[in-house]
Number of protein chains: 2
Amino acid sequence: MNAQDCINQLIPNRNPCKNQGFGEAPVNIALSKYWGKRQLELNLPTNSSLSISLPGLGTKTQLTLLEGVQDQVSLNGQSLQADDSFAKRLSRYLDLYRPPGLVFRIDTFNSVPTAAGLASSASGYAALVLALNDLFGWQLDNQKLSILARLGSGSASRSLFPGFAVWHKGERDDGLDSFAEALPQSWPELCIGLVKINTAQKPIGSTAGMQQTVNTCELYQAWPAQAERQVKLVQQAIEQRDFQLLGETAEHNALSMHATMIATWPPIVYWQAESITAMQQVWALRQQGIEVYFTMDAGPNLKLLFLADNKKAVETAFADIQIIQPFVK
Amino acid sequence: MNAQDCINQLIPNRNPCKNQGFGEAPVNIALSKYWGKRQLELNLPTNSSLSISLPGLGTKTQLTLLEGVQDQVSLNGQSLQADDSFAKRLSRYLDLYRPPGLVFRIDTFNSVPTAAGLASSASGYAALVLALNDLFGWQLDNQKLSILARLGSGSASRSLFPGFAVWHKGERDDGLDSFAEALPQSWPELCIGLVKINTAQKPIGSTAGMQQTVNTCELYQAWPAQAERQVKLVQQAIEQRDFQLLGETAEHNALSMHATMIATWPPIVYWQAESITAMQQVWALRQQGIEVYFTMDAGPNLKLLFLADNKKAVETAFADIQIIQPFVK
């Protein structure tokens, strides 16, 4: 099954009920990571993953139907050229939903600090799917919305929800059982600290990096089972409010994902010198009895995990940190 | 079988033929690494490994028999206290060979730049075994000497030989088939560059690090088969003088070993910020068409691999590098 067939099964119509649609979605940070696709076009993952959304950081997208020949895309108020790679990727995704003879105007605003290495594609495709749902008046349930978002960007499947979300990897070839759902728990004391490490361009994008890992990393064989186990452990930690279990599992999981990249050929090392320095700072804090852990995505930046009690100690150690308490408004 | 039983099988007597014995052995750098023990006391490895010895860097050891109650150990001309951990480890190893009622004076000289992260235990135990062989007049063959050295420190089994050596992991429980042997090939153009990264104490020693990896790293499952395959590839590269195959295999192997450490819990990260900077320099040189690769042991230092043609380019990029051409006197 391809993406078009999948979407045809999920959406009730291609008849817009109004001229404009709006969607808004948060970025999310995986506490147990998604790394590896079992099917490329449908973004079907090798393993399940579990994330926390960051309220206040994300994407707002307005869709407007136009008569014309070409979509118009603006990002943070700036019009993009038609041959811009971001604009082209969005248009290709919108082709899957396009009513005959119509084009879209897409106005997207990201409130994501670019240097912090937060993936805007997750919040971006989640917001876009919500805008489509609004424009067409589909009133789809979260499960279907999550599948549609996944077709745009895997981790977008998790960005439809506030708080914790689990993306079940699913087993089916058509991916209709591969979607995220929210966990009911909240954790008011939980803090996420964004450590910004300035860096040049990434050595390789996530999709290409995943493929290279799956194809050439022998150690990756053991990753899917480890990740599946760690999703369950993080979920248990959330249910029992066991912060040590949460932190240890998330850090071990992130380091193991990076290990699969490092053991890939050619090697994929997203770490910068400053990443190692920041890791050593985290471990030094733990040595001092301050319970701080980190996670890292496909980039050089650390995202710290700690409880509100340790906010001061963390701010003292990391001068430029941005702290978010996901469950506190 | 324990180490004592094993030694009893290998040595013909405990009757010194003279009062002094001398041994000398080089350090070695594994191009396909030893990481993981299948048996702790006998230093039996999970996987085979392949190394290159560095002439001129190593250990010289003189053994003298004394009447007394306690061994006397000096390192680089400095007498060590009896409770020094290095002296105690040597004495425990010598207990396995000790003639009744006698003690040893051990004078050891290491010509190893300590900041370069070259393991002196490999050359140290190889030199000590040669000194014992001399003192007792055993005239053991290289295979037996390699087994005796292995009982002191795994990688010492490879330090009995100049040039390339393969340590066959063996299958037997008594380890009598786990020894190194020299490869016949030489490679005059081959250069090793020691990049010194100043660092504090290692986070964890090799033996403890290996055990922690074997016990907690799920990705390690795939390591033994990968390492076995890469020993064969490095050997093929040497036979065919295929430098690209040698370099790529050695770098991939070292990064994969470090990946197993990074995916261990608690994590074992021997890398320092400067290690990442040096790796990036190597990759930048390769981008420019200069064929340089690196390997790393259980520490933060890089050892570069390149051919003599590129000596100038490497010296320009790495100001403090120490270059050795193992096959050129």
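In the predicted model, Tyr220(A) is found in the loop that lies between helix H5 (206–216) and helix H6 of chain A. Although placed in a loop, Tyr220(A) counts as buried, because 24 C-beta neighbours lie inside 10 Å and the cut-off for that class is 20 or more. When residues up to four places away in sequence are left out, the residues touched by Tyr220(A) are Gly36(A), Thr213(A), Val214(A) and Thr260(A). The C-alpha atom of Tyr220(A) is separated by 9.4 Å from that of Ser256(A), a residue 36 residues apart from Tyr220(A) along the chain.

Between the two chains, 25 residues of chain A are in contact with 25 residues of chain B. On the side of chain A that touches chain B, at least two residues are supplied by each of helix H6 (223–240), helix H7 (243–262) and helix H8 (273–287) of chain A. H7(A) provides the largest share of this side, namely eight residues. Sorted by class, the side of chain A that touches chain B is made up of 14 nonpolar, eight polar and three charged residues.

In chain B, helix H7 comprises 20 residues, 243–262, and the distance from its first C-alpha to its last is 28 Å, close to the 28 Å expected at 1.5 Å a residue. Of the 20 residues of H7(B), 16 are buried, and the helix is therefore largely enclosed by the rest of the structure.

Notes: Residues numbered from 1 in each chain as written. Chains lettered and ligands numbered in written order. Predicted model: local features only at pLDDT ≥ 70, side-chain atom pairs only at ≥ 80, totals over all residues. Contact = placed C-beta atoms within 7 Å. Helix = DSSP H or I, 4+ residues; strand = E, 2+ residues; numbered from the N terminus. Nonpolar A, V, L, I, M, F, W, Y, C, P; charged D, E, K, R; others polar. Expected span 1.5 Å × (residues − 1). Buried ≥ 20, exposed ≤ 12 C-beta atoms within 10 Å, placed from the backbone.
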